[in-house]
Amino acid sequence: MPTQTTQYAEGVEVERVTPTFAEILTPEAVAFVAGLERKFGGRRIELLQRRAERQKRFDAGEKPGFLPETVEIRKGDWKIAPVPEDLQDRRVEITGPAGDRKMVINALNSGAKVFMADFEDANSPTWENTVGGQIHLRDAIRRQIDFVTPEGKAYKLKEKTATLIVRPRGWHLVEKHMRVDGKPVSASLFDFGLYFFHNARELMKRGTGPYFYLPKMESHLEARLWNDVFVYAQEQLGIPRGTIKATVLIETILAAFEMDEILYELREHAAGLNCGRWDYIFSYIKTLRNHPDVILPDRGEVTMTVPFMRAYTQLTVKTCHKRGAHAIGGMAAQIPVKHDPEANERALQKVREDKEREARDGHDGTWVAHPGLVPVAMEVFDRMMPTANQVNRQRDDVQVSEEDLLEVPTGAITEQGLRNNISVGIQYLEAWLRGYGAVAINHLMEDAATAEISRAQVWQWIRHPKGVLDDGRKVTLELVETLLQEELAKIREQIGEETFQAGQYELAAQLFMEWTRQNELIDFLTLPAYQYLD
Ligand SMILES: CC(=O)SCCNC(=O)CCNC(=O)[C@H](O)C(C)(C)COP(=O)(O)OP(=O)(O)OC[C@H]1O[C@@H](n2cnc3c(N)ncnc32)[C@H](O)[C@@H]1OP(=O)(O)O
Ligand SMILES: O=CC(=O)O
Ligand SMILES: [Mg+2]
């Protein structure tokens with residue numbers, strides 16, 4: 001079927017603008033995004049090149065470290081601008097894909113203080129999910145998001161709802177349906193631009209504001225780019241500078257060395273930092289992939305209590321509180337288990353312990369994946385954090401060195417761990433290709449970040465001399481190929497032939513294997529997989 005292209009202006013075109021999508025893709029909104037792309041797109045590309053150049057140095061043996069050129073910022077006595085009232089108490093934040101209308105309503109109604117509506121890890125960026133997400137958020141903000149399922153179950157917003165924060169896609173991604181001067185636009189600028197254009201004033205009128213979570217940054221220069229985008233966007237719409245508030249995910253090992261600098265760049269617009277643990281683990285593997293001393297054990301063993309994860313979360317709290325910023329915790333993988341009360345209680349207990357550790361360490365709030373976990377996290381933070389936040393609690397006792405942030409954890413690589421990575425990798429990718437960016441697999445939340453760990457581990461174990469199973473077998477391409485066929489057969493048997501054929505399992509397995517075979521570790525699975533969407 002030929003794709004319909006709408007020409008908006010000289011050099012600006014968008015594909016598949018349906019009448020409903022045209023409500024979001026108005027000439028003014030598209031011109032705003034095109035303006036952002038023309039002004040900032042070039043710098044984005046340069047920063048991505050800088051990432052690749054840095055990676056070459058790490059591949060050659062250099063270790064990440066604190067930057068000598070920014071020591072004055074780290075030593076300096078400065079704070080971020082004050083945080084608005086509705087971001088003062090963020091004790092429980094629920095997250096979920098922006099593209100799922102029902103979930104948007106459920107999340108806003110969940111009792112959490114904040115809802116992070118996601119265009120990143122939890123949202124498969126189909127055109128439908130991407131523009132649909134903008135429609136859902138526009139409607140939610142205006143309290144016009146009523147929704148009825150085909151079975152007749154009706155959803156509407158409660159009187160009191162969570163504060164909305166939106167996570168646009170990261171700097172590495174493009175939105176292929178919109179082209180400016182012949183090139184696809186930055187997905188970050190597309191998601192941010194449309195949301196900001198349509199909603200900033202409305203949010204302010206309703207006593208809140210345009211709030212964002214910024215994912216997957218690798219340096220303070222990338223934060224500077226966001227800050228410049230914010231300054232320009234506010235100017236263009238005549239909105240006071242500093243109205244936008246952004247919480248930055250510290251979810252790359254490189255960003256952990258630049259937390260002060262990132263907050264400093266964004267100091268007029270910063271609200272806090274968040275410990276995005278899953279991408280962080282992925283980034284640790286990816287960045288240090290060529291280092292002979294660095295290898296991680298089974299994914300299940302890389303918990304929040306291993307030394308390098310502890311070092312990073314403690315440093316996040318310390319840095320945030322020194323700068324007057326909120327330190328938000330991360331996402332435990334467990335979700336409620338239906339029809340098995342004992343397994344359910346075990347899952348809830350794991351979440352509880354995770355949240356207790358975060359509250360004890362000084363986090364000002366945390367993330368949950370499911371409405372059923374809101375009361376669990378709320379109880380912990382209510383009990384352990386009687387004030388709206390604990391930003392005033394300084395963690396001068398925390399001393400974290402470069403070595404602490406890089407410390408390699410010990411533990412075994414097992415056949416079960418390898419099988420699990422392969423099976424989860426295929427199942428997640430299959431769902432993503434069908435437009436589902438977050439799924440439950442084995443009663444755990446899986447999204448783009450957790451799936452990245454699975455496929456990066458398999459890649460690394462094959463190539464690393466220490467990629468050896470606890471029974472003495474080396475992890476090889478041949479072994480992975482054999483196990484992949486076995487795991488695929490298991491999935492087929494479990495779900496039945498009809499569901500298997502209706503899904504994208506063969507393609508997912510083929511892509512998983514292709515990326516595993518490639519000698520270069522691909523940067524993000526969402527980059528090559530995007531060509532299969534829409
Ligand atoms: C690494 C990171 O980036 S973490 C952040 C990104 N990841 C996420 O945001 C994951 C969010 N979580 C989810 O997407 C979901 O919880 C899943 C996919 C893991 C599980 O979803 P389901 O299988 O639908 O769970 P389940 O069947 O138990 O859902 C029960 C109800 O809760 C709702 N629900 C579940 N999770 C959420 C959520 N995060 N937000 C809002 N509602 C939710 C469902 O819509 C369903 O509603 P209904 O009873 O009205 O039909
Ligand atoms: O975005 C969150 C993460 O853990 O990754
Ligand atoms: Mg992430």
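Biologist: Which domains does the domain assignment of the chain give?

Modeller: This is a predicted model. The assignment gives domain 1 (12-404) and domain 2 (412-532). Their centres, taken over C-alpha atoms, are separated by 26 Å.

Biologist: How do you know that residues of domain 1 are in contact with residues of domain 2?

Modeller: Contact requires C-beta atoms, placed from the backbone, within 7 Å. By that cut-off, 32 residues of domain 1 are in contact with 34 residues of domain 2.

Biologist: Which elements each supply at least two residues of the side of domain 1 that touches domain 2?

Modeller: They are α4 (127-141) and α9 (277-287). The most comes from α9, with 6 residues. By class, this side of domain 1 has 18 nonpolar, 7 polar and 7 charged residues.

Biologist: Why do you say that ligand 1 lies between the domains?

Modeller: Domain 1 (12-404) and domain 2 (412-532) both give residues to the shell around ligand 1, so ligand 1 lies between them.

Biologist: How many residues surround ligand 1, and which are the closest?

Modeller: Ligand 1 is surrounded by 23 residues. A residue counts if its C-beta atom, placed from the backbone, lies within 6 Å. The closest are T95, G96, N106, D121 and A438.

Biologist: What makes up the shell around ligand 1?

Modeller: At least two residues each come from β3 (92-97), α3 (101-108), β15 (438-441) and β16 (444-447). The most come from α3, with 4 residues. The shell divides into 15 nonpolar, 4 polar and 4 charged residues.

Biologist: Which residues are around ligand 2?

Modeller: They are D121, L249, E251, G276, R277, W278, D279, G330, M331 and A449. Two or more residues come from each of α9 and β13 (326-331). With 3 residues, α9 gives the most to this shell.

Biologist: Where does UniProt place the feature "domain: Malate synthase C-terminal"?

Modeller: The unreviewed UniProt entry places that feature at residues 413-532. The domain assignment gives domain 2 as 412-532.

Biologist: How much of the chain over residues 413-532 is helix, and how much is strand?

Modeller: Over residues 413-532 the chain is 64% helix and 7% strand. The end C-alpha atoms of this stretch are 32 Å apart.

Terms used:
Residues are numbered from 1 along each chain as its sequence is written. Chains are lettered from A and ligands numbered from 1 in the order in which they are written. This is a predicted model: local features need pLDDT of at least 70, side-chain atom pairs count only at pLDDT 80 or more; totals for chains, interfaces and linings use all residues. Domain bounds come from an automatic or database domain assignment. Two residues are in contact if their C-beta atoms, placed from the backbone, lie within 7 Å. Ala, Val, Leu, Ile, Met, Phe, Trp, Tyr, Cys and Pro count as nonpolar, Asp, Glu, Lys and Arg as charged, and the others, Gly among them, as polar. UniProt positions are given in the numbering used here, feature names are shortened, and annotations may be inferred rather than shown by experiment.
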